[in-house]
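Please open the model in your viewer and keep the sequence panel beside it. The stops below say what to select next and what is to be found there.

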Amino acid sequence: MNFQLPEFFKKNSFYVYSFGFLFVWLTFFDGANLITQFKYWQKLKSYESQIEYYNDELVKVKAKEKGILNNLDALEKFGREKYLMKKEGETVFVLVDGDGELMEEVE
């Protein structure tokens with residue numbers, strides 16, 4: 001079999017080889033190579049999903065905070081349970097499950 005390169009490759013072989021070398025260099029050896037860029041892209045997607053999760057949690061916490069701060073009974077209950085605040089001569093018992101969460105809030 002007699003394989004011949006097209007005329008373009010014969011005339012511009014320096015440019016073809018230079019482009020090939022540059023492509024291989026940028027793909028595998030450069031500091032910002034394609035493999036590293038792909039890993040960075042995966043990290044970015046992971047961080048974006050974490051941002052969504054924390055934004056959802058922030059909304060939940062703000063709703064809970066609003067409910068506690070607007071109700072004095074809930075505020076007193078929160079202070080007693082979370083920070084073990086008590087009146088003088090009083091003992092406070094807080095019931096928690098194995099994970100350390102309040103029994104009332106476990107469903």
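Begin by colouring by pLDDT, the predictor's confidence in each residue, from 0 to 100. The mean pLDDT of the protein is 84, and 93% of its residues reach 70 or more. This is a predicted model, in which local features need pLDDT of at least 70 and side-chain atom pairs count only at pLDDT 80 or more, while totals for chains, interfaces and linings use all residues. Residues are numbered from 1 along each chain as its sequence is written, and side-chain values use heavy atoms, with hydrogens and water left out.

Next, select the elements, where helices (H or I, at least four residues) and strands (E, at least two) are DSSP runs numbered from the N terminus. Helix 1, residues 7–11, has the lowest mean pLDDT among the elements, 77, whereas helix 3, residues 34–69, has the highest, 93.

Side chains of opposite charge can pair when their charged atoms come close. Because K45 and E48 are three residues apart in helix 3, about one helical turn separates them. K45 is partly exposed at 39% relative accessibility, and E48 is partly exposed at 35%; here buried means under 20% relative accessible area, exposed over 50%, and partly exposed in between, with a 1.4 Å probe and protein chains only.

Now select K60 and E57, whose side chains meet in a salt bridge at 3.6 Å, N to O. Both residues lie in helix 3, three residues apart, about one turn of the helix. K60 counts as exposed at 54% relative accessibility, while E57, at 28%, counts as partly exposed.

Move to T27 in helix 2, residues 13–29. Is T27 buried or exposed? At 10% relative accessibility, T27 counts as buried. Its side chain reaches the backbone oxygen of F23 at 2.6 Å. Leaving aside residues up to four places away in sequence, T27 touches N33, L34 and I35, contact meaning heavy atoms within 4.5 Å.

Finally, go to helix 4, residues 72–82, at the start of which a side-chain oxygen of N71 reaches to within 3.2 Å of the backbone nitrogen of D73. After helix 4 comes L84, whose phi is positive, near 55 degrees.

Technical notes. Salt bridge = Lys/Arg side-chain N within 4 Å of Asp/Glu carboxyl O. Polar contact = N/O pair within 3.5 Å; in protein donor to acceptor, adjacent residues only side chain to side chain.
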